[in-house]
Amino acid sequence: MNFDSINSAIAEWTALLGDSGVTLAESGELGASTIGVKRSIPAALHPWSQEQVAKILETAQRWKVPVYPVSTGNNWGYGSANPVEDDCVVLDLSQLNQISDFDPEMGVVTVQPGVTQGELREFLDQQEGDYLVPVTGAGPNCSLLGNALERGYGITPITDHFAAVTKIEAILPDGSLYRTPLSELGGKEIDGLFKWGLGPYMDGLFSQGNFGVVVNMTIALAPAPETVTAFFFSTKDDAKLEALVPTVREVLRSLGGTVVAINLLNSQRMLSMMIPFPEDKAVDGFLPAAEAEHIAHRHGVPAWSGVGAIYASKEVARAARRTLRRLLGPVTDRLIFINQRKVEMARSVARVLPGSLATRIQGMADTLSGALQIMNGAPNDVALALAYWRSGALPVPGQAKNPAKDGCGLIWFAPLVPIRGTDARRYTEMIERICPQYGVNPLITLTTINDRCFDSTVPLLFDRNDPDATAKANECYRTLYQAGQEEGFLPYRLNVNAMDILNTSGTTYSRLSSHLKAAIDPNFILSPGRYVPSQNARSDA
């Protein structure tokens, strides 16, 4: 690290942003992360306009100081606001939080990096915009733009969030503004209505890349349907997984556009949502399989549970329920349909029941209500409680959850799995074999991202206050990746400690991406190492 260059750059940035716009490392506010990463971060910059972003990058080029942009920094389980490499200055874009160009007729809206799921929901409610926010389980304080650029997904009708992106504006590493050809030719409106634009599709370079700082993103929103009905199903017999998986595929193909995504969860993943971590049954922080099975049996948790939603008119929803009964009936023990009216009925019943039974039903109703809100495009932090299952101080009710600052240990392993029964079995056996070797309970979710492929989100939960547990969890990730590579189950996104997986010299991908990076960013000052080989990796090639 060249201290003279960094100090000179920080002096220029302070003159641009003011003292309040620059946070120095000495403040102790930088670098909290659920994955236990500890990066050297000299400073964080907090611009409030895209003009300032451009000037920040011009200064970074002049002094050859690397910068690493983050939207809100709430990238739980993947590195939070930490760079891939040491000695990068964090470019915090959370103050760029404007929402513009909302077209209530066409259903498109433009957001800046700092716009959160919760803020877009509030905006649409104020504008009487009858559309769903593309929510995730990460909570209302997470960036829409950041999630889309990472190709995140959800369970609402537009499942693939980058697929909803129609237009991007970005500041390139030299400070110039990138716009798509249609916008450059004067077609700003039509550009926001058509994803692919004109000519080569350059917008894709800004997804899981480091070719520019995206400052505006136009996204298409899904219209709110007449009805949203959640459905839950389960099987007590683990041996039915091979039959259940192709049935899920058939549901999506039969009800495409009405049922858009289905989650399958194993018993341990369900337990993590239902009960506190049973410390008294754990061995060195790990819940043995026999104990997990015993507790699941005591709480009536089946081997596999599934959840999805029907988005449709009342007439189509009735037909969809019949189809779901016909398809899922033979491979499940239970199939129920829930809407908000049924949740309120459960709450009414709870009010007249005694003691613990009332508490249990009220808790179930609250959980179902939270799930329905997410399915209705209204973000909440119900799912975020998972991060606190093994460690972390859970905030008091009403206080925002921040797993990174609250001490949670969480690393997401997120591989892609073909929607075949045999592949699902091979995959789950791999997870169940490897995770316990590192003191990590195998919590498995299989989420359909289309009718051909699952993304499986496996939370590697650990005690972040224990250096040994932190090291083992990170080693577990590497072992899972290596085993998955051999089996054909590769991740759709990586955390900041695993980006070197793509920085392998000699492959056609690494050569091409490195050449493109060198042409756009010859000093490699923007997000070095992020999904694209860094300057060091390139020089070693």
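The axes of helix H7 (residues 241-254) and helix H10 (residues 314-328) come within 10 Å and cross at roughly 155°. Angles over 145 degrees count as roughly antiparallel, and therefore H7 and H10 are roughly antiparallel to each other. Keep in mind as you explore that this is a predicted model. The protein has an average pLDDT of 93, and 97% of the residues score at least 70.

**How helix H7 meets helix H10**

- H7 passes H10 in a crossing that is right-handed.
- On the H7 side, the residues that meet H10 are Leu-244, Thr-247, Glu-250, Val-251 and Ser-254.
- On the H10 side, their counterparts are Thr-323, Leu-324, Leu-327 and Leu-328.
- Sorted by class, this contact has 5 nonpolar, 3 polar and 1 charged residues.

**How helix H7 meets helix H13**

- H7 also packs with helix H13 (residues 421-434), at an angle of about 125° and with the axes 7 Å apart.
- That angle makes H7 oblique to H13.
- The crossing of H7 past H13 is right-handed.
- From H7, Leu-241, Glu-242, Val-245 and Pro-246 take part, and they meet Gly-421, Thr-422, Ala-424, Arg-425 and Thr-428 of H13.
- The classes in this contact are 4 nonpolar, 3 polar and 2 charged residues.

**A closer look at Arg-253**

- You can find Arg-253 in helix H7.
- Leaving aside neighbours within four places in sequence, Arg-253 is in contact with Asp-451 and Arg-452.
- Lys-236 is 17 residues from Arg-253 along the chain, and the C-alpha atoms of the two are separated by 25 Å.

**Helices H1 and H2**

- Helix H1 (residues 3-17) packs with helix H2 (residues 50-63) at an angle of about 160°, and their axes are 9 Å apart.
- That makes H1 roughly antiparallel to H2.
- H1 and H2 cross in a right-handed way.
- H1 brings Ser-5, Ser-8, Ala-9, Glu-12, Trp-13, Leu-16 and Leu-17 to the contact.
- H2 answers with Gln-52, Lys-55, Ile-56, Thr-59, Ala-60, Arg-62 and Trp-63.
- Together, by class, the contact of H1 with H2 has 7 nonpolar, 4 polar and 3 charged residues.

- Now for some strands: 4 of them form an open sheet in the order S1-S2-S4-S3, and the pairing is mixed.
- At the edges are strand S1 (22-24) and strand S3 (67-70), each of which pairs on one side only.
- Neighbouring strands of this sheet are turned against each other by 20° on average, with direction ignored.
- S1 and strand S2 (residues 43-45) run antiparallel and are joined by 3 bridges.
- For Thr-23, the bridge partner in S2 is Ala-44.
- H1 lies across S1, S2, S3 and strand S4 (89-92), and runs at about 140° to S1.

**Where to read the model with care**

- Over residues 537-541, pLDDT, the predictor's confidence in each residue, stays under 50.
- For residues 537-541, the model has 7 contacts beyond four places in sequence.

Conventions:
Residues numbered from 1 in each chain as written. Predicted model: local features only at pLDDT ≥ 70, side-chain atom pairs only at ≥ 80, totals over all residues. Heavy atoms only, no water. pLDDT = per-residue confidence, 0-100. Contact = heavy atoms within 4.5 Å. Axes fitted to C-alpha atoms, helices over the stretch in contact; angles between N-to-C directions. Helix = DSSP H or I, 4+ residues; strand = E, 2+ residues; numbered from the N terminus. Parallel < 35°, antiparallel > 145°, perpendicular 65-115°, else oblique. Left-handed = near helix turned anticlockwise from the far one by under 90°. Nonpolar A, V, L, I, M, F, W, Y, C, P; charged D, E, K, R; others polar. Pairing = 2+ DSSP bridges.
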